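Subject: Structure for your review

Dear colleague,

Please find the structure below, handed over for your records. My notes on it follow directly after.

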Amino acid sequence: MILAFTLVVTLFSTTVLPDASAIMEAHRKATAVQDLTGQLTYTNISKSGRKQTRTLQQYILRTDKGDYTYNLLLEFTDPQDVAGTATLTIQQERKDDEQWLYLPALRMSKRISPSKKSDRFMGTEITYEDLSGHLSEPIDDYQYTLLGEETINGRPAYKLEALPREGLRTQYGKRLLWIDKATHLMAQTHFFGHKGEHLKTYTATDIRPVGSGGHHRAHQIKMENVQTGNTTKVQYSGFAINAGVDAAMFSTTWMETR
Amino acid sequence: MHFFNPLLRLSYTRPKTTLLALFATTLLMAGGLKQLETRNSFDGELPADDPINQGIEAAKATFGERSIVLIGLETESIYTPEAAQKIIDISNELAKVPHVLSDEIVSLATLSNVSQREWGLETGGFLDELPADEAAWQQLKADIAGNAMVLDRLVSADESLTVIAAALEEGFEGGTVYDAVSELADHYAGPERIHITGAPVLVEDVQRGISGDSRRFIPIAIVLIFIGFYISFRRLPGVLLPVGMVIMSILWTMGFMGYAGLPVTVVSNALPVIMVAVASSYAIHFMNAYYRLADQHSTGPALAEATLKKIGLPILITGLTSALGSASLLIFKITSLREFGIIGSVGFLLATVICLTFLPAVCALLKPPAGKAYQSARLQRFLRSLTQMAQGHRRAVAASYVLFLVGAVYFIGQVKIGDDYLKFFPKSHQGRIAAETFNDKLSGVRTMDIVVDATPYGGIKDEAFFRSLNGFQDYLMDYEEVGHTYSYRDVVQHLSANLNGETDALPGSSEIAQYLMLHEMSATPGEVFALRSEDDNQARIQVFLKSSDPEVHQALYEDIQRDAARFFPEGNTPLTFGGDVMHRIALGTYIVEGKVQNIILALLIVFLSCLIIFRSLPKSLMALLPITVSLLMVFGLMGVIGIRLGISTALLTAMIVGIGVDFAVHYLVGYFRDREEMPADEAIKHNSLHTGQAIAYDAASNIAGFSVLSFSGFLPVQHFGWLLALSMLLIFLNTMVLYPALLTQKERQLATPEFA
């Protein structure tokens, strides 16, 4: 009897997995913030091993223009000769983002054309489409299928397949997602092209709590371009989530006069 | 011959054993053919301690090695939806070609641009979207015209040509890339012309050409030899035996190359044909003596022995002198020439051994041929007239030679140095057409990389360094042959012009740093690191050259070295040079330096060999005469016609001296042998007719053999082939004219009949 009960419990616990949509909704909730600040240091590493490291301060504030759209201010702090260079992105729901560039040497900001989804963000291996998904997974645009569970970097994760819904303009034909079971953050992603070719691999590690609001964040991420052999590594520090960010910061005036 | 006598005696006393041993050795040596490799690149041709080579390696270490495939799309105007779509499609397809670095494809479809607009800055690719209306096409044209990094570099000013360039990863397989790119070109051709070129394509063309040459040459050369031997001897053994010997010589030599790890190169590609010519000339002298002595001996072994005794020594001498002549190539510092020196030496020695063992062994097994040896009446008449003319008009002969030689010496000074890689190919070759089209319409395809060390200035972002670099690039552009220069300066200036508007003022240090930051944000790491070192202490300037003349490159290189300190006064060695033209500059230097040493060494070797053989200074000097005169004439002719002294033609001296001395040795040995039995005048006439006939056949076989090289797909090999054939004709004529004239003069001056 005890044996039969154990067997039933075991079978139940291994075969009944949460719904894919539920996992992705939990993932979106885990990443959603009202505002976020922090420092990040990214290193671009070419196939031949040459490196380039930059440090910047990021300010993110959720907008009132859509459920999951953000204002994003990035200001370089190191190396010193580029300190103060900043970009401001105002995301628009279903519209092109607005972008400005501020160069201290010019002492004025310039509007720049909106980036395409496939454009590389700051010269890294992360594209604007990846960044957008990183801030908030566009779950309405994809069809998700739960493929099972796997361990990624020692942590249990759900493995899902994400296929774009018809009509969606995206650089990817398919993504394989590994969502960390404990935090619902993205632990790993494999990006595939429209012909099924493996394009890139995203890996998130050093997942830790941030602040006291129950939020977690990966403090190290890596994007490897399988096609080119180039890699970008990002190290985060000083995260502050929902601690309040002045909305006035997200303006060209602020960039030019601070 | 004393040392070799017991060994050589075996060939006619134990002919079957000898043939069995030769057959077994042939099988063994043929095994080496499987290990034979082809080397088609010029990498590794220079000594590791060469300063130019070290510079090239240093530039590679910092900026990586970039082998670039170039695809050109040529049409009336590239500004049409069809042409633009092809640029996009070819760029996308190129990214899928194996070994192509997909983030280092440069074309209108991949390159980012920053353009000032009324509302702000437009950033993005030129062809992110196909222009939808006339205004959009005009905007695209204006953007391209306003971008100095694109106009004349990627797009021709007349709108008819654009280039798609793809960098290849290190260790790429040339054949795979070549096939894939050729397939792409075929697929997208029409109505537009699709050109493919670039070093990897041309190098693969060389490799395929080498293989094709080898397949074609050997059969043609052997057929020619068949015909030549038949004309000479009019008997079946007189054809089959030498041909057998030639084939064995080639197998043994190429087998040796395989076992020794010596690859087939654009230089050693000519070897089989040279072996055909050389080995057949040994065989001609042997068979000529064999048929001449046939009526004096009743058994095969006796005739074989008599033939060996008569001709063995001259063949051995000529084999040794040819081998030593070839060994003189070791004085060059260029790898493929040194390798050829070794291969030639070993090959000529092996051919000598085969000639002196195989031919007597087979002859010993045959019944002596009946009847008199065949003599060509026409040839006899020609030789007689030549000798009479030389003997009878000695002053006129001397005056003509002086005139010829003065002219030759003058024109030798006009010989151009160094190989133009492009001109390896005939004018109809698609890679050459493509490169010439790019040269005509764009800023050139040959590149010189100049790496400038900015450490004394505190890095490339320093405004003083930037000012210096700016002045230096302007200085480079003053040269007519410089089509374009490209460095981070151009990136900074382009961004500055779009952010600030056109201005003459150069940016300050912080602006430079921030513009470079902007470039990083839009370019791939490959693009960024092609211009700047990781630590920002070195900048790379790519200099595109319209000229493909190595001497122009050399002069530019020397000028830049001389003038660099004017622009970069800080630091001692601010410049390092790399790029494809630098290899050629270094090769040119070594060819000139090695050539002079090679001529002296080859003549010295042959002179010393003759001194040992003849034990007489005047005879040894005489042996050098026809080849020295012929050398001067051939190099003078190169100056007149404009044939360059390059990596292939650099072989000429060693071949002319090594092979040409055979004629002199055979003539002199024959003359002194005849002189022991008859008066001087009669000895000259007798020798000129009898030894002269063998020399004529020898020369004819060499000329026929070397002429085959004229069918090569590579112009230097073609030039080498017909120049060598012409040299053989000149040496023959010079031998047959100079010796009768000189010996007659000498004999008449000396009262005594003894010469020496």
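**Notes on chain B**

Of the 756 residues in chain B, 60% are buried, where buried means under 20% relative accessible area, exposed over 50% and partly exposed in between (1.4 Å probe, protein chains only). This is a predicted model, in which local features need pLDDT of at least 70 and side-chain atom pairs count only at pLDDT 80 or more, while totals for chains, interfaces and linings use all residues. Residues are numbered from 1 along each chain as its sequence is written, chains are lettered from A and ligands numbered from 1 in the order in which they are written, and side-chain values use heavy atoms, with hydrogens and water left out.

**Overall architecture**

Chain B contains 24 helices and ten strands; these are DSSP runs numbered from the N terminus, helices being H or I of at least four residues and strands E of at least two. The C-alpha trace of chain B spans about 105 × 50 × 40 Å along its principal axes. Contact is taken as heavy atoms within 4.5 Å. Among the contacts in chain B between residues at least 6 apart in sequence, 81% join residues at least 24 apart.

An automatic or database domain assignment supplies the domain bounds. Chain B is divided into domain 1 (1-35 + 234-374), domain 2 (66-197), domain 3 (377-412 + 586-756) and domain 4 (430-578).

**Domain 1 against domain 3**

Taken over C-alpha atoms, the centres of domain 1 of chain B and domain 3 of chain B are 22 Å apart. Their contact takes 37 residues from domain 1 of chain B and 43 residues from domain 3 of chain B. The size of an interface is often given as the accessible area lost when the parts come together. Here, buried area is the accessible area (1.4 Å probe) that two parts lose on being put together, summed over both. Between domain 1 of chain B and domain 3 of chain B it is about 3,500 Å², with carbon and sulfur atoms giving 73%.

Between these two domains there are zero salt bridges, a salt bridge being a side-chain nitrogen of Lys or Arg within 4 Å of a carboxyl oxygen of Asp or Glu. Six residue pairs, both at pLDDT 80 or more, are in polar contact between domain 1 of chain B and domain 3 of chain B. A polar contact is a pair of N or O atoms within 3.5 Å; within protein, one must be able to donate a hydrogen and the other to accept it, and residues adjacent in sequence count only if both atoms are side-chain atoms.

On the side of domain 1 of chain B that touches domain 3 of chain B, α9 (271-293), α10 (300-327) and α11 (335-365) of chain B each supply at least two residues. That side divides into 22 nonpolar, twelve polar and three charged residues. In this scheme Ala, Val, Leu, Ile, Met, Phe, Trp, Tyr, Cys and Pro count as nonpolar, Asp, Glu, Lys and Arg as charged, and the others, Gly among them, as polar.

**Chain B against chain A**

In this interface, 38 residues of chain B are in contact with 31 residues of chain A. Chain B and chain A bury about 2,800 Å² between them, 54% of it on carbon and sulfur atoms. In chain B, B:Gln514, B:Met517 and B:Met521 lose the most area to chain A, together 22% of what that side buries.

Two salt bridges are found across the interface of chain B and chain A. B:Lys461 forms a salt bridge with A:Asp81, their closest N and O atoms being 3.2 Å apart. Eleven residue pairs, both at pLDDT 80 or more, are in polar contact between chain B and chain A. Several elements of chain B each supply at least two residues of the side that touches chain A, among them α3 (51-63), β2 (100-106) and α17 (509-522). The largest share of that side, ten residues, comes from α17(B). By class, the side of chain B that touches chain A has 15 nonpolar, twelve polar and eleven charged residues.

**Individual residues**

B:Glu74 lies in strand β1 (residues 67-74) of chain B and counts as buried because its relative accessibility is 12%. The side chains of B:Glu74 and B:Lys441 are joined by a polar contact of 2.9 Å.

B:His666, in helix α22 (residues 652-677) of chain B, is buried at 5% relative accessibility. Not counting residues up to four places away in sequence, B:His666 touches residues including B:His285, B:Ile311 and B:Thr691.

B:Lys685 is placed in helix α23 (residues 680-707) of chain B and counts as partly exposed at 33% relative accessibility. The side chain of B:Lys685 makes a polar contact with that of B:Asp681 (3.0 Å).

With kind regards
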